[in-house]
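Let's take a walk through this protein, starting with an open space and ending with some sulfur links.

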Amino acid sequence: MLLLFPKIFNIPYLLLACQEFQPSFNLNTVRVFDLEMGFLIFSVVVIWVLGTVSAQTTDPLEVDALNKIIDHWNLRGKLNLTADPCIKNATWASETANPRIVCDCSGTVCHITHLKIYALDISGEIPQELFLLTELMDLNLNQNVLNGSIPPAIGKLSKMQYLALGINNFSGPVPADLGNLTKLLSLSFGSNNLQGSLPSEMRNLTSLQQLYIDSSGVSGPIPQEFSNLKSLQTLWASDNGFTGKLPEFLGTFTELKNLRLEGTNLEGPIPSSFSALTKLEDLRIGDLVGTTDSSLDFLENLTSLSILSLRNCRIGGQIPGRLSTFSSLKIMDLSFNKLTGQIPASFKDFSSLQYLYLGSNSLSGDLHSGIIASTLVALDVSFNPLTGNVPLDPNHVSINTVGTSINDVKLNNDKLHCLQRSTKCRDRYPSTSFSINSGGPEQVSADDTKFDNDSEMLGAASLYTNNNNKWAVSSSGIFISNPQGPRYIAQTDSQITSTLDSELYKTARISPSSLRYYGLGLENGVYEIELHFAEIQMDDNSAVSWKGLGRRLFDVYIQGEKVAQDFNILIEAGGSKRALIKTFETNITNTVMDIHLMWNGKGTCCIPVQSTYGPLVSAIHVSQVSSYGDSSKSNKKRIGVILGVVFGCGGGLLIICSVVYLWWRKKEPEHMKIHSEFPRKD
């Protein structure tokens, strides 16, 4: 440190000066003097260092910019800076602070490097002053209601490593200038209202490890240039309008651990190159379009998987028995595909598996009783031509076997067997209507309609038939990240508007995948179906809170025909907690009705809380519009009427009766086609 003060603290010079004025200066005196001067020098240096540190200030341009940002977003009540933002031990610099400001004071001037304004419902556009904080490394603006476009000036923040803009109201294109942020490790702009395609300039983000763009609004093909992003470990890209083939180059992202691509317009098949993704732990692909089938061969070496969901991906062939050796695999969903063959016998040794969904395939053979292992929580094999037996007391597991020939005590109802395509049914005492208060107790409406109790607690794969055998309900799927646990009923204490029957809408059935109601023992004929909805889990105050930015989308099928696609209760009803009734017509020809609400991979997943998505219905009312019975029975009745007229009125009326009979025959109703504004789902 003495080198810093050669003129002030020059020891030889001081010693010579002392000798000039003290002729008797001896060695001991020099030693004492040396110690005293050393202490003096040390003290002066410490004082100088402390003075220098205390004099350290934040770049005044950054201080001014930060204060303007605080005022722009009305944050004075939460962050009233009266001192330098980079003072030591500032309360706003702690790990838990929100808003949070962190600085780097390693040089002579402090710079702001971290800024977090998380879930505080700040609104408006991003102010230009933000881009004067050029030393920023971590910017978290997640879960607010920011709007406007993401400014191209974002590209000036070239030192950025973590950029979070998710769950906001941003619109416009994704700026190509993001490609300038070459140090980025994590990027999030999911759950926004962006438009257009992903910019090819993002190919420069070769250090990127996490990319969250689900529900962002982007569309078009995934750029081939994205093949450069080989450091990616997490890619969430579900619920976007992507088109074209599922990219082959994704199979080169060998660091991937988490991949989600559900609810897009991407075409299959799943590339065989995905077999190289051996570090994958969570793989969710769903709702692929096109005509090309996929297979499960690519799974051969993906032994690190814990979650595997390939719903509705046009997957054919057989289920590989090797999957039972995947020691970490807990959840497997292969439903709504074209799988054939038997469920592998090796699955009886599948010790890690907890949830298995194989519904709506073409699997055959016996259901091995050994598959219901002690670790299994839920099993859905519905709508497969399967046989076999379910153990009499599988209390630890919820099972759905509807639409199969499996012997199951829950299927101890001949009417449910009519759901099998090959079974022809008649009912001696048919019904013509049923009403259900989905998720709630028995309720009588303002027009005196009695809605049956439907408050039975269902599991992750369940079937329930009501006491009067008029209807049944099945649910399939698991809310993987639900913080409230496995709940399949939603409820609210709020009043429901636009209805005289508010109580009817305060409960609802919900499902993460598939929710089906079945009308049983119905008289054949034409029926009107009223589906009652009210969005009671999501808010509609998107202008003032991020909690109102959620979007729930699902499809509705009646008798296998898609009658509503991307159905959004909030939009259709005009707001949250507002009643809505959608009316449809269908034909019943085999005494059973199938009302199917199915999640299509679209909509937000986590607003206002984790696992807020999937179909929801408040109540159902079904009534017959017109009937047409068995033709032989109908003909006998007509002949009886004619004979009565003939014997009562004599031969003179025979001609008139014949004319009436022929006219009546001509008016016999024909089989009506179910009208649908959407094409049938393959």
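β5 (138-140), β7 (162-164), β9 (186-188), β11 (210-212) and β19 (331-333) each put at least two residues into the lining of the second largest pocket. The biggest giver is β7, with 3 residues. Strands here are DSSP runs of E with at least two residues, helices are runs of H or I with at least four, and both are numbered from the N terminus. A pocket is found on a 1 Å grid over the protein atoms alone, as an open set of points with protein on both sides within 12 Å along at least five of seven lines; a lining residue has an atom within 4 Å of a point.

Before going on, a word on what you're looking at: this is a predicted model, where local features need pLDDT of at least 70, side-chain atom pairs count only at pLDDT 80 or more, and totals for chains, interfaces and linings use all residues. Residues are numbered from 1 along each chain as its sequence is written, and side-chain values use heavy atoms, with hydrogens and water left out.

Back to that pocket: its volume is about 920 Å³, where volume is the space filled by probe spheres set on the grid points, which are joined across faces, edges and corners. Of its 47 lining residues, the closest to the centre are Asp214, Trp236, Arg260, Cys605 and Cys606. The lining splits into 20 nonpolar, 19 polar and 8 charged residues. For these classes, Ala, Val, Leu, Ile, Met, Phe, Trp, Tyr, Cys and Pro are nonpolar, Asp, Glu, Lys and Arg are charged, and the others, Gly among them, are polar.

Cys605 counts as partly exposed at 25% relative accessibility, while Cys606 counts as buried at 18%. Buried means under 20% relative accessible area, exposed over 50%, and partly exposed in between, using a 1.4 Å probe and protein chains only.

How many disulfides does the structure hold? There are 4. Another one joins Cys86 and Cys103, whose sulfur atoms are 2.0 Å apart. Cys86 sits in the loop between α3 (60-72) and β2 (100-104) and Cys103 in strand β2, so the pair ties together parts that are 17 residues apart in sequence. Then there's Cys418 with Cys425, at 1.9 Å between the sulfur atoms; both of these cysteines are buried.

Last stop: an open sheet of 6 strands, in the order β27-β28-β26-β40-β34-β37 with mixed pairing. Strands pair if DSSP finds at least two bridges between them. β27 (443-444) and β37 (580-588) stand at the edges with a single partner each, so one side of each has no neighbour in the sheet.

How values were computed. 1 Å grid on protein atoms, 1.4 Å probe; cavity = no way out; pocket = protein on both sides within 12 Å on 5 of 7 lines; lining within 4 Å. Disulfide = S-S within 2.5 Å.
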